[in-house]
Amino acid sequence: MRWWSVANFVSNAGTWMQLTVQNLLVLQITGSAAATGLSMSVQAAPGLLMSLAGGAAVDRWPRKLTAAVSQALLGAVAFLTAFLVAMDQLNLGVLMALAAVTGVIATVDGPACSLLGNDLVRTEDVPSAIGVGSLVHNAGRLVGAGLAGVTVGFFGTAAAYAANGVSFLFVTAVIPFLRPVAQAVRARSERPAESADASAANGTDMSMREGLTYFARRPRLVALAGITGLSAVFGRNYQLTLAVLVVGPLAGGAGAFGTVSTVLAVGGILGAVFGARLRRPSVRLVGMLAAAGGVLQIVAGLSPSLAVLLVVVLPMALVESVSDTAGTTVLQTDPPPHLRGRVLGVWGSVRTVWGLAGPPALGLLMELAGARGALVTGGLLIAGAIGTGYVLRERRATKPVVVRTEEPALAGQPALGTAA
């Protein structure tokens, strides 16, 4: 698990370095911010259509081999991009095609690597392993974004892509030496008889429909999708809302927003540390944390100065990170082992919908209400919807009926005998 965490840190740093450089590269080629957003959408779009197939592949194929091959393919794409940039042969069409290929590979790589990390620890330690993964992700994001500027400044754009390719190869080299615990391997190989019969009837080893049906019939997973969707659309795009708030109403500059972004990253790391201590997180906990994040977002929207905003941003990022860790733990531990890849595939499709719909919806809200109005309105929607859902759930809950099994004897009369 230590080796896997080191490998993931290196890979995450390389990925964020490439994403940062990719946005700059599109701007250099086209000079259009719209084209930059389009390149991000093209990379995310395959998850909408192919995540179900990717999750089924993860359940069907050997997990270590699947993760190693997907990481090697991502490395090959990064090296190819670096070569084209160095030879000055990269245009917008080729870049979009490579982004789409990366998105397709990621539909398999994401669930494969997530579940492989869980296989390295005992079942009771999976929440901690997910927390460590969140910590590694946030730390890699912080380091990768910083290294992007240094690498481009000293070695050029092609070097950033080449460094990301090396990071993927490092993960590929580590995977063969990982040893999943016997408990995880045994649990994944044991499948209920009715599940095996259903798959045989469909003519496939493991059908995509099986994972979709399981997800749709689990109220706690549907509720988790609703809570996370609200937060993703109206509360998680801080790079957009806080940037406009800092530059606009708070009259700050790029340096001020850089400080806000650093505080957000630090809060995310602290939240991952706390999230790693969760043993049995629940959907109710995720909802409470998301509602708390909505309230803090309202306070951030009403901040009179940059200093107040910085004080609010830290707990806001911390709560978001703990909520993410708790939700991921529920998502990866609720399904039976043989279905987890397909359930993660369903989740990938749902998350892609939020990723594609969130920025335009939030942008429209900002056009109508401004940065402060968007933050306040989004926070109210998140906290209000979660609070309403909790009240309705409590009202629908069946109240226990007390049945009296013994009746006291009537006053003044002897109790009936056994014969009577």
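Three helices, α11 (219-234), α14 (283-301) and α16 (340-396), each supply at least two residues of the lining of the second largest pocket; helices here are DSSP runs of H or I of at least four residues, numbered from the N terminus. The structure is a predicted model, in which local features need pLDDT of at least 70 and side-chain atom pairs count only at pLDDT 80 or more, while totals for chains, interfaces and linings use all residues. Residues are numbered from 1 along each chain as its sequence is written, and side-chain values use heavy atoms, with hydrogens and water left out.

The second largest pocket has a volume of about 560 Å³. Pockets and cavities were searched for on a 1 Å grid over the protein atoms alone: a cavity is a set of points where a 1.4 Å probe fits but cannot get out, a pocket is an open set with protein on both sides within 12 Å along at least five of seven lines, and lining residues have an atom within 4 Å of a point. Grid points are joined across faces, edges and corners, and a volume is the space filled by probe spheres set on the points. Of the 18 residues that line this pocket, Ala223, Ile227, Val283, Arg284 and Arg393 lie nearest its centre. Helix α16 gives the largest share of the lining of the second largest pocket, seven residues. By class, the lining of the second largest pocket holds ten nonpolar, four polar and four charged residues (Ala, Val, Leu, Ile, Met, Phe, Trp, Tyr, Cys and Pro count as nonpolar, Asp, Glu, Lys and Arg as charged, and the others, Gly among them, as polar).

Helix α16 is not straight from end to end. Its 57 residues would reach 84 Å as a straight helix at 1.5 Å a residue, but its end C-alpha atoms are only 30 Å apart; the expected span is 1.5 Å times one less than the number of residues. A kink of about 115° in α16 is centred on Gly370, where the bend at a residue is the angle between axes fitted to the seven residues ending there and the seven starting there.

Helix α5 (residues 92-119) also contains a kink, of about 35° and centred on Ala106. The N-terminal end of α5 is capped by Asn91, a side-chain oxygen of which lies 3.2 Å from the backbone nitrogen of Gly93. A polar contact is a pair of N or O atoms within 3.5 Å; within protein, one must be able to donate a hydrogen and the other to accept it, and residues adjacent in sequence count only if both atoms are side-chain atoms.

Two cavities of 30 Å³ or more are found in a search of the whole structure. About 90 Å³ of space lies in the largest cavity. Its lining has 14 residues, with Arg236, Tyr238, Ala290, Gly293 and Gly294 nearest the centre. Both α14 and α15 (306-333) supply at least two residues of the lining of the largest cavity, and the largest share, five residues, comes from α14. The lining of the largest cavity consists of six nonpolar, six polar and two charged residues.

The second largest cavity has a volume of about 60 Å³. Among the residues lining the second largest cavity are Gln18, Gln43, Thr81, Leu98 and Tyr161. At least two lining residues come from each of α1 (2-30), α4 and α5, and α5 gives the largest share, four residues. The lining of the second largest cavity has five nonpolar, five polar and no charged residues.

Two residues in loops have a positive phi. Most residues other than glycine have a negative phi. Asp88, in the loop between α4 (63-86) and α5, has a phi near 60°. Asp88 counts as exposed because its relative accessibility is 66% (buried means under 20% relative accessible area, exposed over 50%, partly exposed in between, with a 1.4 Å probe and protein chains only). Ala251, in the loop between α12 (238-247) and α13 (254-275), has a phi near 55°. Ala251 is exposed, with a relative accessible area of 66%.

Trp4, in α1, counts as buried at 2% relative accessibility. Trp4 and Ile175 are 171 residues apart in sequence, and their C-alpha atoms are 7.7 Å apart. Gly144, in α6 (residues 126-155), counts as buried at 0% relative accessibility.
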